[in-house]
Amino acid sequence: MDYIIIVAGGKGLRMGTEVPKQFLPIGGRPVILRTIDRFKAYDPQINVILVLPHEQHGCWQQLCRQHGFHTPCTVVEGGETRFHSVKNGLQAVPDTAQGMVGVHDGVRPFAAVEVIRRCFSTARTAQAVIPVVPVVETLRHLLPADATGQHPQKDAPFGAVPSETVARADYRLVQTPQVFSIQLLKQAYAQPYCTAFTDDASVVEAMGHEVTLVEGNRENIKLTTPFDLTVAEALIQAGW
């Protein structure tokens with residue numbers, strides 16, 4: 001039995017809207033519903049665990065009624081950080097469960113079904129899998145500004161900032177769903193929280209477990225800014 005934990009804790013601040021970004025409509029349908037649709041298209045029997053801030057549970061219920069959405073979902077409360085939100089979601093997976101569990105950003109509604117299938121299929125042997133895409137733009141690495149090793153302020157890395165070009169072929173952009181064996185991910189999330197845990201792969205790697213990379217899809221963008229919504233509408237028009 002497989003599970004997908006969909007983490008949707010956004011508040012829409014960078015979108016400049018009062019409506020949380022996962023509830024915003026694209027092509028007339030809320031983002032979060034489109035995201036769930038993707039996983040149900042992959043496997044109608046997959047168990048969906050939706051992680052939402054407590055104050056958004058009522059909005060979710062209203063959304064389901066408004067759009068006639070009846071797909072069974074286990075809704076759990078989000079935590080202080082993404083790590084804690086995923087950990088809460090994992091608690092809804094029985095400790096005795098066998099199979100795979102994926103973790104996906106609620107505001108990534110364009111994960112290709114084939115990519116989802118690839119992640120789950122590969123994880124059945126590799127145990128820890130993440131989808132990635134090549135970097136297509138030139139990258140620069142911000143260097144320490146002085147002998148103390150202090151970097152320029154990350155919120156304003158412009159102007160005469162010490163930096164250098166790095167080989168983009170050495171890097172990949174990481175997407176979700178990130179898929180793991182259930183027992184491995186439960187063991188990983190039993191670790192104490194660390195600020196270095198930026199995604200689920202980093203939590204698993206902290207135990208010394210290797211992560212396997214598979215090909216993602218370029219359309220699988222994370223909707224964060226108004227520009228992303230414009231791109232999303234264009235993808236919907238193109239058949240996504």
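Predicted model: local features only at pLDDT ≥ 70, side-chain atom pairs only at ≥ 80, totals over all residues.
**Helix α1.** I looked up helix α1, residues 31–42, and compared its length with expectation: at 1.5 Å a residue its 12 residues should span 16 Å, and the end C-alpha atoms lie 17 Å apart, which agrees.

**Second largest pocket.** I noted a volume of about 330 Å³ for the second largest pocket, and a lining of 16 residues, of which V133, L173, Q175, R218 and I221 lie nearest the centre. Strand β10 (172–174) and helix α7 (226–237) each supply at least two lining residues, and α7 gives the most, with three. By class I recorded nine nonpolar, two polar and five charged residues in this lining.

**Salt bridges.** My search of the whole structure returned seven salt bridges. In one of them the side chains of D37 and R29 meet at 2.9 Å, N to O; D37 is partly exposed at 30% relative accessibility, and R29 is partly exposed at 23%.

I next followed D95 and K186, whose closest N and O atoms are 3.0 Å apart. This pair links distant parts of the chain, 91 residues apart, with D95 in the loop between α3 and β6 and K186 in helix α5 (residues 182–188). D95 counts as exposed at 59% relative accessibility, whereas K186 is buried at 16%, because buried means under 20%.

Terms used:
Residues numbered from 1 in each chain as written. Heavy atoms only, no water. Helix = DSSP H or I, 4+ residues; strand = E, 2+ residues; numbered from the N terminus. Expected span 1.5 Å × (residues − 1). 1 Å grid on protein atoms, 1.4 Å probe; cavity = no way out; pocket = protein on both sides within 12 Å on 5 of 7 lines; lining within 4 Å. Points joined across faces, edges and corners; volume = space filled by probe spheres on them. Nonpolar A, V, L, I, M, F, W, Y, C, P; charged D, E, K, R; others polar. Salt bridge = Lys/Arg side-chain N within 4 Å of Asp/Glu carboxyl O. Buried < 20%, exposed > 50% of the residue type's maximum accessible area, 1.4 Å probe, protein only.
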